[in-house]
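This report describes the fold and the packing of one protein chain.

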Amino acid sequence: MLIVSQPWLLKQGANELASTVRVHLGSRSRKVKHHKGMSSESAHDDSNDDSSSETTLNSNQKAKESKATGGSAQRSAENEHYSSESDGREFVSEPKRLSSDETAGVKLKYALSELPADARPLLVFINKRSGAQRGDSLKHKLHFLLNPVQVFELSPSQGPETGLILFRKVPHFRILVCGGDGTVGWVLDAIDKQNYESPPHVAILPAGTGNDLSRVLSWGGGLGAVEKQGGLCTVLHDIEYAAVTILDRWKVTVEDKKSKNVLLVKYMNNHLGIGCDAKVALDIHNLREENPEKFYSQFLNKVLYAKEGAKSIIDKTFVDLPWQVRLEVDGTEIDIPEGSEGVLVANIPSYMGGVDLWQNEGEDPENFDPQSIHDKMLEVVSISGTWHLGTLQVGLSRAWRIAQGQSIKMQMFAPFPVQVDGEPWVQQPCTLKISHHGQAFMLRRAVEEPLGHAAAIITDVLEHAESSHVITASQKRALLQEVALRLA
């Protein structure tokens, strides 16, 4: 299977896409049966789906930006006959047996081999249920622009582990997550479990509703913004020249108040909310589960959020929150302001589709430090209700700053809705603890930043040094962290 040294591979057309797919078996190679092209219907679908400017790049630009080196892929024994989902081709070849230790029990259709030491392919994850649910269109476009073996569709039956295990021996691959904040968290959780000595760097194609982490990393607030910036081709190009940055990740532990038993563990990248904002998220979640057909565009999703929020304005359901929630930051008890109906813990400077809760550039009478996504600190604010949330979104008010710290503890003496990165539930009385979990390597779009190009060049140098055995993977990871922090 051809995998490229650049992170993406452009094709001149469907026939060339088909011709790149090969199975090499060394000295015991057989003929590979394949059709020379995709079906006319498939090719027609791809061309119709690609309405944005990603398919209008001229052939000279494509040739310059799609330099590829050879590689191969071999199928596992359990998939001796495989009909490709993307183009209908059937491969019949002698299988390569993979041990259960190599695959961690995951059934693989391919095994990558013979990749150059400096290869840096792109692994893509798509969540079709995110935001505007445009996953099918994205999948067609990415199959046209990339080798289909690089594109994985996430589902309840197939998580990111399948793709990560396929790429487990590729030293410098990168990841593109096509989805919302919840999908990004899903992939980052899976990366954690792989215990990489030097984890892959992650870029985001914003296909959710709020896309807050994507906004912070300059990948845009939605697919509409991506298309205005040049479409998928531009995104794939920008990934090649993106700057590596660091994102703090936090562990959220829910304990029973009496027995101290751990009831639930989650991991947070963006924010955690208790009270009125979590209630709106819960109402929307329930509506989405009951009527998924209503959530077919990012704009209408936001309208539905506003509608659900407006329903809660006159309820005043959480007026007792300051007395029903006890807050501790770094071991010190902090008073929640009277009139608060929600408490938010923020890791990034974007919430609810772009609201900056902390506002570093604003006046700072409380003498707090500026917010950062990699300072191992969290910011705690409160809001007075859903009306306050609405005025925050249009820039007419600010959240109330409460505290900053490395360790957060909240004791809840009554049931409250809680949300972590937009995933809501109703939590019975408990003790909720937030502690630093680790840091993830993310990619920040930096094509217009001079330091961004410098960071990309330094990353290339470090990866080449690792490939040449000048430094180890752990040394490269430490150097990348230092570079990311200094150039942030």
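In this predicted model, strands β14 and β15 pair in the antiparallel sense over five bridges. Strand β14 covers residues 342-346 and β15 covers residues 378-383. Within the pair, L344 stands opposite V381 in β15.

Both strands belong to an open sheet of six strands with antiparallel pairing, in the order β16-β15-β14-β11-β18-β19. The edge strands, β16 (400-405) and β19 (423-427), each pair on one side only. From one strand to the next, the twist averages 20°.

The protein as a whole contains 16 helices and 20 strands. Further totals are tabulated below.

| Item | Value |
|---|---|
| Buried residues | 55% of the 488 residues |
| Contacts joining residues at least 24 apart | 74% of contacts between residues at least 6 apart in sequence |

In soluble globular proteins, nonpolar side chains tend to be buried together. Here the largest nonpolar core has 63 residues, and I175 and M442 are those with the most contacts inside it. Leaving aside neighbours within four places in sequence, M442 is in contact with V184, L188, V202, I204, L213, L217, A243, V244, T245 and L247. A second, separate core has 42 residues, including L321, V343, V418 and V420. Of these, V343 falls in the residue range of β14, 342-346.

Definitions and conventions: Residues numbered from 1 in each chain as written. Predicted model: local features only at pLDDT ≥ 70, side-chain atom pairs only at ≥ 80, totals over all residues. Heavy atoms only, no water. Pairing = 2+ DSSP bridges. Helix = DSSP H or I, 4+ residues; strand = E, 2+ residues; numbered from the N terminus. Axes fitted to C-alpha atoms, helices over the stretch in contact; angles between N-to-C directions. Buried < 20%, exposed > 50% of the residue type's maximum accessible area, 1.4 Å probe, protein only. Contact = heavy atoms within 4.5 Å. Core = buried A, V, L, I, M, F, W, Y, C linked by side-chain atoms within 4.5 Å.
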